[in-house]
Each structure stands twice: as C-alpha cells, then as structure tokens.
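Try each task before you read its solution.

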Amino acid sequence: MSLHGDYDPQNIFAQIIRGEAPCYKLYEDDDVLAFLDLFPQSHGHTLVIPKRAAARTILDIDADSLCKLMRVTQRLTQALVDELQPEGVQVAQFNGAPAGQTVFHIHMHIVPRFAGQGLAVHASSKADPLELEKLQARLLQRLGG
Ligand code: AMP
C-alpha cells in the first residue's frame with residue numbers, strides 16, 4: 001500500500017470504531033479512541049486513533065482532528081509514563097507500507113521503552129489476553145476510568 005489511495009472502511013481500526021471488532025479500550029470520547037496494541041512492541045504499547053476522520057495517513061487528516069488526536073496522545077503518554085515508569089517513551093506514526101504502516105487508518109503509537117530491552121519495531125507475537133486485561137485495568141484506574 002502506498003501513501004496514496006482510497007480509505008478502506010473495512011480496515012480493522014474502522015471495525016473497532018464501529019464496535020464490530022473487540023479492543024482493550026483505554027480511552028474514548030466523541031473524536032478519539034485509544035486501545036492496547038495486540039502485538040505490542042513493549043509493555044503498555046498503546047494506539048490512539050481518530051474516530052470521525054476517514055484518513056489513511058497524516059496527509060489525509062484535517063488539522064482539527066489531528067490536534068484532537070495529539071491532545072489525547074499526550075495525555076495517554078503521561079498516564080503510561082506515570083503508571084509504568086519506563087525510562088523512555090516513543091510516540092510514532094507511520095505513513096505508507098515502506099514507512100512501516102500496516103493498518104491504513106491513521107494512528108499514533110505510544111511505546112514505553114525500558115532500559116536494556118532494545119528497540120523492537122515489530123513485535124513477534126500476540127500479547128497474552130490475560131496480561132492485556134490486567135494492564136487495561138491498571139491503566140483505566142490511572143486514567144480515572
Ligand atoms: P502500523 O504498522 O503503524 O500500521 O501499526 C499497526 C499496529 O496495529 C501494529 O502495531 C499492530 O500490532 C496493531 N494491530 C493490528 N491489529 C490490531 C487489533 N485488532 N487490535 C490492536 N492492535 C492491532
């Protein structure tokens with residue numbers, strides 16, 4: 001998939017927004033949804049997506065939706081850092097397959113980084129559902145949810 005093309009309303013994140021596919025939800029408002037990554041690059045890997053913008057990449061999204069996405073991304077980054085105490089945190093966003101994008105609904109990655117664990121870009125395995133549930137409960141408490 002290149003940078004350019006039509007938005008596919010059947011992509012997995014669109015299905016999650018419509019409630020047709022499950023997710024480990026951490027945050028939702030009228031414009032933004034955040035949930036745990038199923039194939040995490042680290043403990044706490046979180047995705048933040050716009051709900052209203054049918055945008056594949058940063059080139060497609062309107063500035064207002066992007067601002068709302070970033071506001072929530074910053075808030076969740078703070079919550080993840082406060083709760084998990086990583087030594088670093090990556091906030092990343094990929095556009096087009098050659099840049100590493102695999103799901104073509106724009107999303108922000110928040111990846112807590114822990115000293116000595118390396119910088120995996122693609123996780124090799126699916127997360128343990130029980131671990132995701134525990135982490136979700138912990139972070140929801142932190143977020144006051
Ligand atoms: P990207 O490579 O930037 O397009 O990132 C897509 C991310 O979505 C990857 O980190 C995947 O592990 C993650 N992912 C794919 N399907 C799901 C899903 N159903 N629920 C949560 N995360 C997912």
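**Exercise 1. Find the strands that helix α3 lies across, and its angle to β1.**

Step 1. Select helix α3, residues 129-143. Helices here are DSSP runs of H or I with at least four residues, strands are runs of E with at least two, and both are numbered from the N terminus.

Step 2. Look for contacts, meaning heavy atoms within 4.5 Å. Helix α3 lies across β1 and β2.

Step 3. Compare the directions: α3 runs at about 35 degrees to β1. Axes are lines fitted to C-alpha atoms, for helices over the stretch in contact, and angles run from 0 to 180 degrees between N-to-C directions.

Before going on, two notes on the source: this is a predicted model, in which local features need pLDDT of at least 70 and side-chain atom pairs count only at pLDDT 80 or more, while totals for chains, interfaces and linings use all residues. Residues are numbered from 1 along each chain as its sequence is written, and side-chain values use heavy atoms, with hydrogens and water left out.

**Exercise 2. Work out the strand order of the open sheet.**

Step 1. Strands count as paired if DSSP finds at least two bridges between them. β1 and β2 pass with 3 bridges in the antiparallel sense, and they form a hairpin with 3 residues between them. Across this pair, Glu28 stands opposite Leu33 in β2.

Step 2. Follow the partners through the 5 strands to read β1-β2-β3-β5-β4, with antiparallel pairing.

Step 3. Check the edges: β1 (25-28) and β4 (88-92) each have a single partner strand, so one side of each lacks a neighbour in the sheet. On average, neighbouring strands are turned by 15 degrees against each other, direction ignored.

**Exercise 3. Classify the structure's aromatic pair.**

Step 1. Rings of Phe, Tyr and Trp (its six-membered ring) pair if their centres lie within 6.5 Å; planes under 30 degrees apart are stacked, over 60 edge-to-face and the rest tilted. There is 1 such pair.

Step 2. The ring centres of Phe13 and Phe35 are 5.4 Å apart with planes at 80 degrees, so the pair is edge-to-face.

Step 3. Phe13 belongs to helix α1 and Phe35 to strand β2, so the pair ties together parts 22 residues apart in sequence. Both residues are buried.

**Exercise 4. Is His45 buried or exposed?**

Step 1. Find His45 in the loop between β2 and β3.

Step 2. Its relative accessible area is 1%, so His45 is buried.

Step 3. Its neighbours beyond four places in sequence include Leu36, Phe39, His109 and Pro112.

Terms used:
Buried means under 20% relative accessible area, exposed over 50%, partly exposed in between (1.4 Å probe, protein chains only).
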